[in-house]
Amino acid sequence: MRVLVTPAEPSSELADALVLAGADVVDPADDGASPVCAVVDLTSETASELRQARDLVAQGTPIVAVVAVENLPLLETEDWCDDLVLAPFNPIVLRVRLRLLATQTENEDLLSYEYLGLDTATYLATLADEPV
């Protein structure tokens, strides 16, 4: 999964966790790179990361914030965060949250209930994965 990370030089703990999560870190300077989601590290510096997070939201990129407990009040008035992980964090938790967010992003036009599915973008209905 393609993930954009801010700041561009993440902490070694976050970089290791992204490797374990199987994330393909996207270079923001690469015009052809379209990330599935972004990880914003709010464990130390915060002002520039908050500005970058707001820019990513404007582009429609879902965001997982890695937040130090003492920085939680910063998120109280923010609405850009799709999910968060408290630091220090378990790399497995980050991997699960990134995968969940990537799955939600890929299927946001699909509504389903048991064996019935409806793609709201194409108005295609399925029953047991067969078109109706």
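Contact here means heavy atoms within 4.5 Å. All views show a predicted model, in which local features need pLDDT of at least 70 and side-chain atom pairs count only at pLDDT 80 or more, while totals for chains, interfaces and linings use all residues. Residues are numbered from 1 along each chain as its sequence is written, and side-chain values use heavy atoms, with hydrogens and water left out.

**View 1. Thr 61 and its contacts.** Leaving aside residues up to four places away in sequence, Thr 61 touches Pro 35, Cys 37, Ala 38, Leu 56 and Asp 82. Thr 61 counts as buried because its relative accessibility is 10%; buried means under 20% relative accessible area, exposed over 50%, and partly exposed in between (1.4 Å probe, protein chains only).

**View 2. A parallel, five-stranded open sheet.** The strand order is β2-β1-β3-β4-β5, with parallel pairing; two strands pair if DSSP finds at least two bridges between them. β2 (24-26) and β5 (83-87) each have a single partner strand, so one side of each is left without a neighbour in the sheet. On average, neighbouring strands of this sheet are turned by 30 degrees against each other, direction ignored. Axes are lines fitted to C-alpha atoms, for helices over the stretch in contact, and angles run from 0 to 180 degrees between N-to-C directions.

**View 3. Strand β1 beside β2, and the helices on the sheet.** Three parallel bridges join β1 (residues 2-6) to β2, and Leu 4 has Val 26 in β2 as its bridge partner. Helix α1 (residues 12-20) packs on the sheet and touches β1, β2, β3 (37-42) and β4, its direction making about 155 degrees with that of β3. Helix α2 also packs there, touching β1, β3 and β4, at about 165 degrees to the direction of β3.

**View 4. An antiparallel, four-stranded open sheet.** Here the order is β6-β7-β8-β9, and the pairing is antiparallel. The edge strands, β6 (110-113) and β9 (130-131), each pair on one side only. Two bridges link β8 (residues 124-127) with β9, and Thr 126 has Pro 131 of β9 as its bridge partner.

View 5. Leu 116 lies in strand β7 (residues 116-119) and is partly exposed, with a relative accessible area of 47%.
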